[in-house]
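Thanks for coming, everyone. I'll take one chain today, from single residues out to the whole fold. Have a look at it first.

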Amino acid sequence: MTNTDAWLIAIAAGRAVGISTSATPSNHMHPSLIHRPLADAPAVPAILAWRDGAVHPTVPDLLALARQVITAGGPTRG
């Protein structure tokens with residue numbers, strides 16, 4: 001598959017199955033698919049990356065939010 005949309009089309013056509021993060025249904029909708037949570041699935045690591053040097057002015061805010069979420073124990077499932 002070349003991208004998420006192609007992968008979801010393959011799943012909808014019965015040519016594939018998949019497991020993804022909770023971000024997929026909100027960012028890549030397909031009317032033929034139903035997304036169900038996996039209750040016992042492990043957490044998916046997230047990595048923040050940015051270039052050295054001048055950064056977008058909101059990068060410090062994003063880093064502060066990420067640290068706040070980590071400190072609070074991360075988002076809840078459900």
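Start with Val17, in the loop between α1 and α2. A word on those labels: helices are DSSP runs of H or I with at least four residues, strands are runs of E with at least two, and numbering goes from the N terminus. This is a predicted model, where local features need pLDDT of at least 70 and side-chain atom pairs count only at pLDDT 80 or more, while totals for chains, interfaces and linings use all residues. Residues are numbered from 1 along each chain as its sequence is written, and side-chain values use heavy atoms, with hydrogens and water left out.

Is Val17 buried or exposed? Exposed, because its relative accessibility is 73%. The cut-offs are these: buried is under 20% relative accessible area, exposed is over 50%, and partly exposed is in between, with a 1.4 Å probe and protein chains only. Val17 still has partners. Setting aside residues up to four places away in sequence, Val17 touches Trp7 and Ile11. Contact here means heavy atoms within 4.5 Å. Now look across the model.

Next, Gly18. Gly18 lies in the loop between α1, residues 4-12, and α2. What does Gly18 contact, leaving aside neighbours within four places in sequence? Trp7 and Ile11. From Gly18 to Trp7, the C-alpha separation is 8.3 Å, at eleven residues apart along the chain. Gly18 counts as partly exposed, because its relative accessibility is 45%.

On to helix α2, residues 23-27, which holds Pro25. Pro25 has a relative accessible area of 23%, so the label is partly exposed. Asn3 is 22 residues from Pro25 in sequence, and their C-alpha atoms are 14 Å apart.

Now α3. Helix α3 covers residues 59-71, 13 residues in all. From first C-alpha to last, α3 reaches 18 Å, close to the 18 Å expected at 1.5 Å a residue. That expected span is 1.5 Å times one less than the number of residues. Ala64 is in this helix. Ala64 is partly exposed, because its relative accessibility is 43%. His30 is 34 residues away from Ala64 in sequence and 33 Å away in space, C-alpha to C-alpha. Just after α3 comes Gly73, with a positive phi of about 100°.

Zoom out. How many helices and strands does the chain have? Three helices, zero strands. Along the sequence the pattern reads α-α-α.

Then the overall dimensions. The chain has a radius of gyration of 16 Å, whereas a compact globule of 78 residues would have one near 12 Å. The radius is taken over C-alpha atoms, and the globule rule is 2.2 Å times the number of residues to the power 0.38. Along the principal axes, the C-alpha atoms fill a box of roughly 45 × 30 × 20 Å.

Burial next. Buried residues are 12% of the 78. Of the contacts with a separation of 6 or more, 19% come from residues 24 or more positions apart.
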